Amino acid sequence: MDFEEFRRNGHDFVTWMADYLGQIEGYRVRAKLEPGAILAQLPDEPPHSGEAMDQVFADFIRILLPGITHWQHPRFLAYFPANSSPPSVLAEMLTATLGAQCMLWETSPAAAELEQRVMEWLGGLVGLGPGFTGSIQDSASSATLLAIISAAERASGGRFSREGLAGGPRLILYCSAEAHSSVEKGARIAGIGAANVRKIPVDQNGAMITAALRGAIRTDRNSGHVPACIVGCFGTTGIGAIDPIEQLSTIARTEGIYLHVDAAWAGAALILPELRGLAAGLDGADSIVLNPHKWLMTNFDCSAFFMRHPAELARALSLTPTYLETRAASSIPEYRDWSIALGRRFRALKLWFVLRSYGSEGLRAKIRSDLAAAQRLAALIRSTADFELTSGPNLALLSFRYAPEGVADLDALNETLLHVVNDGGFTYLTKTRHQGRLVIRISIGQTYTTWRHVEESWRHIQDCAQKLAR
Ligand SMILES: Cc1ncc(COP(=O)(O)O)c(C=O)c1O
């Protein structure tokens with residue numbers, strides 16, 4: 001493809017992209033097709049000679065688009081959002097065009113320095129003190145793994161990176177029973193092992209019970225183990241519960257344990273000064289992760305990882321073979337030492353575009369609007385016969401249950417309702433288990449979602465439920 005053809009296709013694609021986003025409500029939210037249906041339409045072998053872009057694009061529309069679940073659909077109320085926005089998409093186009101590999105300062109000075117600045121901006125926006133420094137990771141899972149590595153390095157006095165953990169005392173990680181699966185996964189990858197993850201019970205609000213945490217730490221010390229890491233959650237995946245961060249930070253400080261806070265979803269809400277009280281004590285954490293790619297209109301992947309002691313992580317991960325030596329002994333961090341992979345995408349650009357394009361007030365207005373929609377929906381659910389609000393709203397996440405009288409197996413009924421709603425394609429929801437019961441989650445926060453979309457989704461859910469009851 002020559003550059004003129006690239007220009008022509010680029011213009012056509014951007015036209016399609018604007019049309020797609022403008023008309024996205026016309027699509028069903030969740031793809032509905034049999035497993036293998038897309039694969040069956042893709043040839044076994046790549047073409048010998050190159051095909052025209054028109055042909056490739058036509059197949060994207062014909063074969064792939066029907067198999068896409070539309071995460072940018074305003075009635076996407078499932079999982080947590082994976083937001084994008086037009087400024088972020090435009091930045092991604094530039095990132096792809098530059099194709100820069102930003103592993104070292106020298107290989108892309110602007111990327112490293114912009115990353116430092118946007119992380120400072122973001123830290124300030126969510127109210128973090130100056131003691132934190134940050135980098136952009138691909139995902140909260142990677143950030144949490146890095147936190148666990150730092151904790152293991154500290155707790156083992158450097159044995160973790162030198163000799164590995166085998167043969168030494170067990171390092172123990174504590175999180176709540178509601179913590180995201182990435183926490184245990186991180187512990188497995190870091191060599192701590194699933195058996196050394198203590199899942200501390202939660203109270204009726206889904207928050208970690210700190211008395212149980214203290215008890216577990218005591219028991220482990222008495223057994224000769226080394227309590228190494230506490231992972232608190234600011235906004236659990238199931239119901240958006242908030243662990244008592246202030247208390248966790250006191251325990252971590254007095255016990256000498258590393259504290260990481262997983263604020264992957266809810267951390268974005270801290271750009272609202274009126275919500276900062278929810279995260280009191282956050283400054284006492286050793287590290288925090290929050291994902292602009294969830295609720296801050298920045299395309300996946302963009303996960304903000306803040307640390308107070310980056311040197312600890314660098315000690316565990318830094319390796320400089322000759323081919324990575326550069327003359328740049330600068331004041332700018334070498335982010336490769338703070339990352340799992342060596343290669344790094346230019347992720348700061350899209351966050352910079354978003355922060356500048358919306359401004360802090362624009363981003364705050366979006367989150368306030370989602371919080372208000374969640375409150376209105378909760379009121380509607382409470383006033384609807386046969387429905388029960390089972391949790392929240394915790395920020396913009398709530399859960400409910402269809403509970404008509406005389407039904408013995410409400411879990412099965414709600415599972416069926418979820419399938420009927422999702423198969424219909426009008427809206428898309430997910431489930432969780434809360435206090436032993438299966439409940440349906442509604443997560444508000446997609447970039448284009450307004451109250452209208454939430455309300456029409458709710459009417460649709462009620463219609464589906466009534467049809468089920470007949
Ligand atoms: C609380 C929490 N932590 C971590 C994650 C994992 O995020 P990522 O996909 O960025 O690894 C999620 C995903 O939804 C989450 O809800």
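**Group meeting: a buried strand and its sheet**

The cut-offs here are 20 or more other C-beta atoms within 10 Å for buried, 12 or fewer for exposed, and partly exposed in between, with C-beta atoms placed from the backbone.

Before going on, a word on the source. What we have is a predicted model, where local features need pLDDT of at least 70, side-chain atom pairs count only at pLDDT 80 or more, and totals for chains, interfaces and linings use all residues. Residues are numbered from 1 along each chain as its sequence is written.

Back to our leucine. Leu398 lies in strand E9. Helices (H or I, at least four residues) and strands (E, at least two) are DSSP runs, numbered from the N terminus. What does Leu398 touch? Setting aside residues up to four places away in sequence, the contacts of Leu398 are Ala374, Leu377, Ala378, Leu389, Ser391, Gly392, Pro393 and Ile442. Contact means that the C-beta atoms of two residues, placed from the backbone, lie within 7 Å. Leu398 and Ile440 are also worth a look: 42 residues apart in sequence, they sit 8.4 Å apart in space, C-alpha to C-alpha.

Six of the six residues of E9 are buried, so E9 is largely enclosed by the rest of the structure. Which residues of E9 point which way? Leu397, Ser399 and Arg401 point to one side, while Leu398, Phe400 and Tyr402 point to the other, and all are buried.

For pairing, DSSP has to find at least two bridges between two strands.

Five bridges join E8 to strand E9 (residues 397-402), and the two run antiparallel. Ser391 stands opposite Ser399 in E9, and Glu388 has Arg401 in E9 as its bridge partner. E8 and E9 form a hairpin with two residues between them, and Leu395 in the turn has a positive phi of about 55°.

Next comes E9 with E11, antiparallel over four bridges. In E11, Leu398 has Ile442 as its bridge partner, and Phe400 has Ile440. How buried is E11? Five of its seven residues are buried, which leaves E11 mostly covered.

Thr430 stands opposite Arg441 in E11, and the partner of Thr432 in E11 is Val439. These two strands also make a hairpin with two residues between them, where Gln435 in the turn has a positive phi of about 50°.

Cys464 counts as buried because it has 21 C-beta neighbours inside 10 Å. Beyond its neighbours within four places in sequence, Cys464 is in contact with Leu417, Val420, Val421 and Gly424. Cys464 and Leu417 are 47 residues apart in sequence, yet 7.0 Å apart in space, C-alpha to C-alpha.

Finally, the overall layout. The protein chain is divided into domain 1 (100-345) and domain 2 (356-469), with bounds from an automatic or database domain assignment. The centres of the two domains, taken over C-alpha atoms, are separated by 30 Å. At their contact, 14 residues of domain 1 meet 17 residues of domain 2. On the domain 1 side, those residues divide into eleven nonpolar, three polar and no charged. Ala, Val, Leu, Ile, Met, Phe, Trp, Tyr, Cys and Pro count as nonpolar, Asp, Glu, Lys and Arg as charged, and the others, Gly among them, as polar.
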